[in-house]
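Good morning, and thank you for coming. I would like to take you through one structure today, beginning with a single residue and then widening the view.

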Amino acid sequence: MTGFEPKIVGFLCNWCTYTGADLAGVSRFQYPPNFIPIRVMCSGAVDPMYVVKALVEGADGVLIGGCNPGDCHYQSGNYKARRRATILKQLLKDLGLDERRLWVRWISASEGKKFAETVTEFTEELRRLGPSRFREEWAL
Amino acid sequence: MRATEGRARTGVLFCSCRGELSSGLDLGSLKEYVRGLPDVVLVGETAVLCDQNGQEELRKAIADNRLDRVVVAGCTPRVYEEMVGRALVAAGLNRYMLEMANLREQCVWPHRDRKRATGKARLMLAAAVARASMLEPLHGGRIGMKRAALVLGGGVAGMQAAIDLADDGNEVHLVERDGQLGGRTWQLSTTFPTHECKPDGCCMHYCRECILVPKVEGVMQHPRIRVHLGSELLEFGGVFGNYTARIKEPGGIKEVEVGTVVLATGSRLVDPANLPEFGYGVHKDVVTFLDLERMIVASRPGDHELHRPSDGKVPKVIDFIQCVGSRDETGRGKAHCSLVCCTYAIGQAKELKRRYPDAQVFIHYIDLRGPYRGFEEHYREARDMGIHFLRGRVSEVAADRDGLVVVGEDIDTGKLLRIRSDLVVLSTGQEAAPGTEALSQVLRVPLDGDGFFRELNPAFDLLERKGIIAVGCAAGPRGIRYSVQDAKAAAATLNGLMRSGEVPVPAERAEADEQRCSGCRQCESVCPAGAIVMKKVADRRRGATRWVAHVNPSQCVSCGACAMACPSKAILLSNHKMKQLWAQIEALT
């Protein structure tokens, strides 16, 4: 898989992971530019359809980033996201997608380093997995 | 409005941030790229958008090009969205017709490879422009608010909040579980920073009698404070600005309507019986600091002697044990530091040493912590008085025929200690008051990891959440002075809110479409703010009535959980509509 650069779409919660991503930048922690952020209010507001849409449109991986357990700005949004992601992963597996292409991670506003590391690891994993064929298989 | 007639007119303004952006991106090619994106009628650049000149440029660009929406390509919206939004308003646009592409924090700074960073920036800009085309003007509002407050807890913090709220013209209902006001402070003999009551010397009027009694009377006699003693909150409902609370009083149940709430429910002391090595409850002469306070208070009239519990003898060797139930990693106590124990233990030690200069007083500590002005002087004075500070944990308080033996170590000299002691005082830490968790659920205020009410922002605390503020030890252990400051700040914030008589309604909020709603109530069950209520509407097609979801606008916290849960997509978050997300995703991929 030489030269393959995966495309990652990230749904980041406004209060924790998006701010953590800002902190990664402010701290000049480097991570691969394969990752493109979309800001949402809460990980619990990420509709599974957004994830499926991103994958069908050609993303090689999707990251959902929320607040650490117990730390949700809205008390329980990240728990909702967690439960939903468990089902979604199963569903995506049934549709033939490698579940390693969907990551759900809790990264707080102060964890810039963790954000950079997470994106780096995810990018490496997707480089190993190669391009997603989800788009050709499921695009209408 | 112009947006709905025909195509959007999007202006994209690059803020080069004094060269930050151009240092890592090929701005020229990005501008060229953006010019070709749908709806873009202007691509501009400014050096600094966050000063007056930059905002003037933005205003001019909007006016000259009849822009109806703006994409700012520069820094993070987390910090600058408010400010740029104001510039839009100044130019006559709705504040929400703005999208920011965060090219600085999330592209230039974390990616050194100029070519690849520019590639990522193209995608981010495409998504921002696509989202901008889908933006709609949003409008907040205001609804009426009750000029009344509910204060839960009648300790120093609750009393101060009640007084400040009532002085501003608000009705206050002060609910106290105990039969009297004053909380834990009422049980203290003297308080920091003086820790001294000298009726014959230079009285500073700093003690309970001189400070607290007038305060309690001030509350009891205030014409606008209704004190509910021996009472508890039973139920809580309504919406921000118009809450209803049912209070269980000794005589029955009372319902009150309030606009705001102060949580001043305090903390409770860790039960030292959880730590059996200290022998509390087994040996009579092992007491908590609060027991000692009561002993000191009891000794003030009469012979003015301190009598220990077992035989009434005056103690000559006294050991204070710090961090009992605090900074505990064994799980039997609390992991956090209770902040005030070093301060009060030193105060008590000084009081004993003043009365009995011949007594030997030991303080066993792990670290001395006193995050208060005047603590250093307090500590030095104690040392100069001959109080012994021993660093090290106490492993056991044993007893034999001759009395108590404190077994521990002195880390500084490396010696094991066996001190024959007359009185052992446990400096017990604080934990969340009983009922805190239940209250957090009823009032929908989250708790922190230690079980106290969580402050909205740990750095700039005391921000109100829907008119509800936690103050004093309810939000974590703190000294009297800081509890009172909390209460004053909370009251000032709430007074400001109530003075207007109106509650702000956020423009960014969930909105339900009655036509599409099937009444399944999924949204109601996921809403963390209790903002969704079901209401009855006429169903014209079927000529009957049916239940649909209604979002209480002032109560909504704009999280989007309802929009996600709604199977018929009848509820949308006004600033994160599905079509907006959809456009972003399509542009990205």
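Let me start with B:Val79, which counts as exposed because its relative accessibility is 52%; here buried means under 20% relative accessible area, exposed over 50%, and partly exposed in between, with a 1.4 Å probe and protein chains only. B:Val79 belongs to helix H4 of chain B, residues 77-90. Helices are DSSP runs of H or I with at least four residues, strands are runs of E with at least two, and both are numbered from the N terminus. Between B:Val79 and B:His222, which are 143 residues apart along the chain, the C-alpha separation is 43 Å.

A word on conventions. This is a predicted model, in which local features need pLDDT of at least 70 and side-chain atom pairs count only at pLDDT 80 or more, whereas totals for chains, interfaces and linings use all residues. Residues are numbered from 1 along each chain as its sequence is written, chains are lettered from A and ligands numbered from 1 in the order in which they are written, and side-chain values use heavy atoms, with hydrogens and water left out.

Now to chain B as a whole. Chain B contains 16 helices and 28 strands. Its radius of gyration is 31 Å, well over the 25 Å that the globule rule gives for 589 residues, so chain B is more spread out than a compact globule. That radius is taken over C-alpha atoms, and the rule is 2.2 Å times the number of residues to the power 0.38. Along the principal axes, the C-alpha atoms of chain B fill a box of roughly 95 × 65 × 45 Å. Of the 589 residues in chain B, 54% are buried.

Which residues does B:Thr260 touch, beyond its neighbours within four places in sequence? Its contacts, meaning heavy atoms within 4.5 Å, include B:Met145, B:Leu150, B:Gly467 and B:Met498. B:Thr260 sits in strand E12, residues 260-263, and is buried, with a relative accessible area of 0%.

B:Asp285 is likewise a loop residue to look at, between strand E13 (267-269) and strand E14 (286-288) of chain B. At 7% relative accessibility, B:Asp285 counts as buried. Its side chain makes a polar contact with the side chain of B:Arg308 at 3.3 Å. A polar contact is a pair of N or O atoms within 3.5 Å; within protein, one must be able to donate a hydrogen and the other to accept it, and residues adjacent in sequence count only if both atoms are side-chain atoms.

Two backbone points follow. Most residues other than glycine have a negative phi. B:Leu339, however, has a positive phi of about 70°, and B:Lys569 has one of about 50°.

Finally, the interface. The contact takes 49 residues from chain A and 41 residues from chain B. Together the two chains bury about 4000 Å², 58% of it on carbon and sulfur atoms; this is the accessible area (1.4 Å probe) that two parts lose on being put together, summed over both. There are 5 salt bridges between chain A and chain B, each a side-chain nitrogen of Lys or Arg within 4 Å of a carboxyl oxygen of Asp or Glu. A:Arg39 forms a salt bridge with B:Glu81, with the closest N and O atoms 3.0 Å apart.
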